[in-house]
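Dear colleague,

I am passing on the structure we spoke about, and below it you will find notes on what turned up when I went through it. Please keep the sequence and the 3D view open while you read.

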Amino acid sequence: MPALSPTMTQGNIAQWNMSEGAKVNEGDIIAEIETDKATVGFDSQEEGFLAKILVPAGAQDVAVGTCLGVLCESEADVAAFANYTAPAPAAAAAAAPAAAAAAAAPVAAAATPAAPGSKGARLIGPAAANLLASSGLQKSQIAGTGPGGIITKGDVLAAIASGMKPGAAPPAAATAAATAATAAAPKAPAALPESNDDFEVIPVTTIRKIIATRLLESKVENPHQYMQKEISMDAAEEFRVEMNKSAGEDQPKISMNDCVVRAVGLALRATELANIRFNDDAPSLYDELETVDVAVAVATPTGLVTPIVRNTDEKSVFQVAADIRELAGRARDNKLKPEEFTGGSFSVSNLGMFGIDSFQAVVNPPQWGILAVGGTRVEAELDPSTKRPKAVKRMTVNLSMDGRAMVAENAVYFLKNFAFFMENPTLLAIEGYPKVKLAKRGLVEFQ
């Protein structure tokens with residue numbers, strides 16, 4: 001089972017595209033894997049023949065690293081694997097010490113947890129510390145694999161998965177054997193309760209499971225802070241209508257969401273320390289990113305997916321619109337590549353087209369923030385020149401941010417800059433970063 005996204009620890013076998021005995025060429029998609037983000041094609045890195053399928057289609061929660069099948073070089077060798085079965089977990093665990101005898105000493109030395117009084121034992125990320133406290137384990141039991149021996153969240157999860165108990169530090173070889181045994185035992189699809197006249201049982205997809213887990217983790221572990229701003233939309237609406245009227249045949253029609261994503265990209269570029277990502281596994285608070293990449297929330301039948309629009313500070317709103325259409329279409333068809341939904345420093349979630357005026361969204365770690373965009377509405381406002389009421393268009397946006405990575409002052413200027421670009425929409429049509437003079441930063445006072 002390949003790791004098809006940075007956060008993937010297990011996956012489901014959606015289907016096999018080839019049968020046993022089939023010729024496999026390099027790059028052929030031999031199976032469809034349901035990951036924590038999308039259904040992704042598993043392409044072969046080698047040529048040969050698919051001699052045996054070890055994990056059937058429909059298998060659930062198959063751990064990364066589990067052997068899914070056997071590929072042999074010669075068609076003549078296919079018959080030899082007709083009755084081949086994967087080693088049972090117990091047999092694999094028993095064989096592990098003998099197979100690793102020669103390397104046991106260096107492996108054990110490399111995996112030995114840092115001593116309680118050492119520097120490595122004191123370094124631990126915030127998420128890892130919370131998880132460690134809830135598990136009852138001690139820092140001295142965990143081998144830190146992060147920079148400088150820091151204990152990461154992944155280290156704690158691996159220790160828990162290996163069956164480590166509070167107060168006991170199992171040898172590295174036993175831990176590795178237990179992990180291998182767990183990986184070798186993919187779970188069969190769980191038996192569902194039967195539907196009846198009162199309700200229908202609908203299986204939860206892997207994506208929806210992961211969304212539920214990540215939302216809970218984000219709200220518990222990330223200190224959310226919120227800001228709201230009203231945006232004048234008269235100029236943006238006029239700009240969108242005029243641009244679509246004059247659009248050529250090869251130019252996509254732009255939506256207000258396209259304008260929002262482009263304006264977010266420009267605001268991230270314009271605001272000091274805004275294009276960052278929180279680093280949970282290192283002593284530094286955040287990583288500054290070289291490119292401005294914005295995730296866009298897309299609803300699919302299996303769950304919410306956030307494909308990444310790259311270089312939004314450099315592309316015109318027309319290029320952004322084309323990218324969003326193409327990515328959203330493939331997201332709904334489960335055809336996104338892993339690199340197309342990972343990364344970015346910021347997300348945009350727009351429910352305005354569904355008649356929602358205002359809402360708040362949950363930060364998607366390790367990104368620092370997400371902008372929840374409401375719909376455009378018409379309000380009455382007093383015209384200072386005529387002293388008469390006039391109709392104006394406004395939009396409410398709510399910023400949710402991780403208070404560990406983004407300071408409130410920078411967030412204020414991010415929203416100011418976003419509003420500037422939305423209220424001066426001709427700048428959105430320019431390819432590249434426009435040369436503009438933004439409001440001078442001053443002291444922001446908070447009460």
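Helix α11 covers residues 408-423, and its 16 residues reach 23 Å from the first C-alpha to the last, close to the 22 Å expected at 1.5 Å a residue. Its buried residues are N410, A411, V412, Y413, F414, L415, N417, F418, A419, F421 and M422.

Two of these, F418 and M422, are also among the residues with the most contacts inside the largest nonpolar core, together with V264, W368 and L399, and that core has 72 residues. Its largest share, nine residues, is supplied by helix α9 (residues 256-270). Leaving aside residues up to four places away in sequence, V264 touches V294, F346, V348, L371, F414 and F418. There is also a second, separate core of nine residues, which includes A128, I142, I151 and A159. As general background, nonpolar side chains in soluble globular proteins tend to be buried together.

Turning to the rings, the structure holds five aromatic pairs. One of them joins F346 and W368 in a tilted arrangement, with 5.1 Å centre to centre and 50 degrees between the planes. This pair links distant parts of the chain, since F346 belongs to strand β15 while W368 lies in the loop between β15 and β16, 22 residues apart. Both F346 and W368 are buried, and ring pairs link F346, W368 and F414 into a cluster. F420 and F421 form an edge-to-face pair, at 5.4 Å centre to centre and 75 degrees between the planes. Is each of these two residues buried or partly exposed? F420 is partly exposed because its relative accessible area is 26%, whereas F421 counts as buried because its relative accessibility is 0%, the cut-off for buried being under 20%.

Charged groups also sit over rings: the charged end of R269 lies over the ring of Y433, 4.6 Å from its centre, and K23 is placed over the face of F49, at 5.6 Å from the ring centre.

Finally, a word on confidence. The mean pLDDT of the chain is 80, and 79% of its residues reach 70 or more. However, pLDDT stays under 50 over residues 169-178, and likewise over residues 443-447. Where pLDDT is low, the predicted coordinates should not be read in detail.

With best wishes

How values were computed. Residues numbered from 1 in each chain as written. Heavy atoms only, no water. pLDDT = per-residue confidence, 0-100. Contact = heavy atoms within 4.5 Å. Core = buried A, V, L, I, M, F, W, Y, C linked by side-chain atoms within 4.5 Å. Buried < 20%, exposed > 50% of the residue type's maximum accessible area, 1.4 Å probe, protein only. Helix = DSSP H or I, 4+ residues; strand = E, 2+ residues; numbered from the N terminus. Expected span 1.5 Å × (residues − 1). Phe/Tyr/Trp six-rings, centres within 6.5 Å; stacked < 30°, edge-to-face > 60°. Lys NZ or Arg CZ within 6 Å of the ring centre and 35° of its normal.
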